[in-house]
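Please read the points below alongside the sequence and the coordinates. They concern side-chain contacts and are set out one topic at a time.

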Amino acid sequence: MSPDFAPQATHLKDVLRSLRYTLRRGRDTVKETAPRRLPAPASEIALSALGEIEVIARNVDQLACKLAHSVLEDSAKLKSFREVIASSRPQYEFSVAFYETMKLVLSHLGAKRTLINQSAALRAFVRTAASQDVYQLAAQLTLHLADEGLITIDQLEDRSPVARPEIIVVAVFAGMLSLLAESDDVGRGVIIVAASDMAVALREKILDLYREKDGPALAALFQRCAGHV
């Protein structure tokens, strides 16, 4: 895929994901309210419409999947941050790695029915990619991404170790930390879980640095933590 096509391709994926998210949210709303709040005939009509919504949502899923694996040539392998930076199209590779990583992080932290804007991740990388070392770059990206409003969370499970006002910042830190960590012994999924647990344990420190917008201290924290994930 041409680097010039990457922003348009990423936006197209975001449109499909937003449609899928909206369909699923509408489906769940109907499922929760129709049996209890509508009279019997209307309730039956609403419930029968659920089947149609499910079919449309599945079709959107399949279209997004085909688009990602054919036209967009997305790799099945999650890249580390250093692999992303060394690639021929780092801004696009970062958006893919961040999106896929954040899905796992948010699930591990108990977030349900989420929407992640991959285009915002791509734009953040373009704005911050300068002659910095990986930890400084990760810190600047964390500050930008946590402010970007690129993650929507509908529900947070009771088991979540993080409160709703904190979860975006903690999750973004965990995602970036997992991308910084490298290991030949374990898979990316194991690294993501370990990074998420470490971010939860350090959440007060992370939130303080985020509120202060202290990039250098955040970079130092990334550097200290990356070798222990």
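Predicted model: local features only at pLDDT ≥ 70, side-chain atom pairs only at ≥ 80, totals over all residues.

1. The side chain of Lys-103 forms a salt bridge with that of Glu-100, with 3.1 Å from N to O. Both residues belong to helix α4 (residues 90-108), where a spacing of 3 residues separates them by about one helical turn. Glu-100 also counts as partly exposed, at 27% relative accessibility.

2. The count of salt bridges comes to 10. Among them is the pair of Glu-182 and Arg-82, whose side chains meet at 3.2 Å, N to O. Because Glu-182 lies in the loop between α7 (164-180) and α8 (188-201), while Arg-82 is in helix α3 (residues 81-86), this pair ties together parts that are 100 residues apart in sequence. Glu-182 is partly exposed at 48% relative accessibility, and Arg-82 is likewise partly exposed, at 34%.

3. A further salt bridge joins the side chains of Glu-166 and Arg-203, with an N to O distance of 3.9 Å, which may be set against the cut-off of 4 Å. This pair links distant parts of the chain, since Glu-166 is in helix α7 and Arg-203 in helix α9 (residues 203-212), 37 residues apart. Glu-166 is buried, with a relative accessible area of 18%, a value to be read against the limit of under 20% for buried residues, whereas Arg-203 is partly exposed at 26%.

4. Turning to the aromatic residues, the structure holds 4 aromatic pairs. One of them is formed by Phe-173 and Phe-222, which are stacked, with 4.4 Å from centre to centre and 10° between the planes. Phe-173 lies in helix α7 and Phe-222 in helix α10 (residues 215-226), so the pair ties together parts that are 49 residues apart in sequence. Phe-173 and Phe-222 are both buried.

5. Ring pairs also link Phe-81, Phe-94, Phe-98 and Phe-125 into a cluster. A contact of another kind involves Lys-213, which lies over the face of Tyr-210, at 3.7 Å from the ring centre.

Definitions and conventions. Residues numbered from 1 in each chain as written. Heavy atoms only, no water. Helix = DSSP H or I, 4+ residues; strand = E, 2+ residues; numbered from the N terminus. Buried < 20%, exposed > 50% of the residue type's maximum accessible area, 1.4 Å probe, protein only. Phe/Tyr/Trp six-rings, centres within 6.5 Å; stacked < 30°, edge-to-face > 60°. Lys NZ or Arg CZ within 6 Å of the ring centre and 35° of its normal.
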